[in-house]
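User: I would like to learn how to read the features of a protein model with some care. Could we take them one at a time, with the general idea before the case at hand?

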Amino acid sequence: MSDPMPDTVTEPAPLGVVRTPTGNAEVDGLLERLADADHLAADGHTEVYEDVHRGLREALSALDAGPAPAPPYNHRS
């Protein structure tokens with residue numbers, strides 16, 4: 001009877017997913033972080049995906065918050 005599982009362990013291989021730049025440096029950095037998962041076994045992907053997801057949520061929340069209020073105008077002559 002043959003063994004269905006080979007004795008050799010193969011290294012993780014990159015999936016070759018192309019990441020198109022968005023033009024937003026923060027978002028592009030997070031998307032590039034996904035490449036870290038290419039070199040990890042499947043059980044290591046979760047940490048990378050959660051990190052990227054958290055960063056993207058923060059970036060979106062910052063957009064919803066809008067710009068910071070201007071400091072009060074102190075008019076002196």
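Predicted model: local features only at pLDDT ≥ 70, side-chain atom pairs only at ≥ 80, totals over all residues.

User: How many helices and strands does the chain have, and what percentage of its residues count as buried?

Analyst: Helices (H or I, at least four residues) and strands (E, at least two) are read as DSSP runs, numbered from the N terminus. By that reading the chain has two helices and zero strands, and 14% of its 77 residues count as buried.

User: Which residues of H2 are buried, and why do they line one face of the helix?

Analyst: As a general idea, an α-helix has 3.6 residues a turn, so residues three or four places apart point the same way. In H2 the buried residues are His45, Val48, Val52, Gly55 and Ala59. Seen down the axis of H2, these fall within an arc of 110 degrees, so they line one face of the helix; the arc is that of the directions from the helix axis to the C-beta atoms. On the other side of H2, the exposed residues are Glu47, Arg57, Glu58, Asp64 and Ala65.

User: What span should helix H2 have, and how far apart are its end C-alpha atoms?

Analyst: The expected span of a helix is 1.5 Å times one less than its number of residues. For the 21 residues of helix H2 (residues 45-65) this should give 30 Å, and the end C-alpha atoms are 30 Å apart, which agrees. Just after H2, Gly66 takes a positive phi of about 75 degrees.

User: Which residues of H1 are buried, and what do they pack against?

Analyst: They are Val27, Asp28 and Leu30, and, seen down the axis of H1, they fall within an arc of 160 degrees, so they line one face of the helix. The buried residues of H1 pack against H2, and those of H2 pack against helix H1 (25-33), where contact means heavy atoms within 4.5 Å. Leu31, also in helix H1, is in contact with Arg19, Thr20 and Thr22 when its neighbours within four places in sequence are left aside.

User: How much space lies in the largest pocket, and which residues are closest to its centre?

Analyst: Rolling a probe the size of a water molecule over the atoms shows where empty space is left. On a 1 Å grid over the protein atoms alone, a pocket is an open set of points where a 1.4 Å probe fits, with protein on both sides within 12 Å along at least five of seven lines, and lining residues have an atom within 4 Å of a point. The largest pocket holds about 160 Å³ of space. Of the 13 residues that line the largest pocket, the closest to its centre are Leu15, Leu34, Ala37, Asp38 and Tyr49.

How values were computed:
Residues numbered from 1 in each chain as written. Heavy atoms only, no water. Buried < 20%, exposed > 50% of the residue type's maximum accessible area, 1.4 Å probe, protein only. Points joined across faces, edges and corners; volume = space filled by probe spheres on them.
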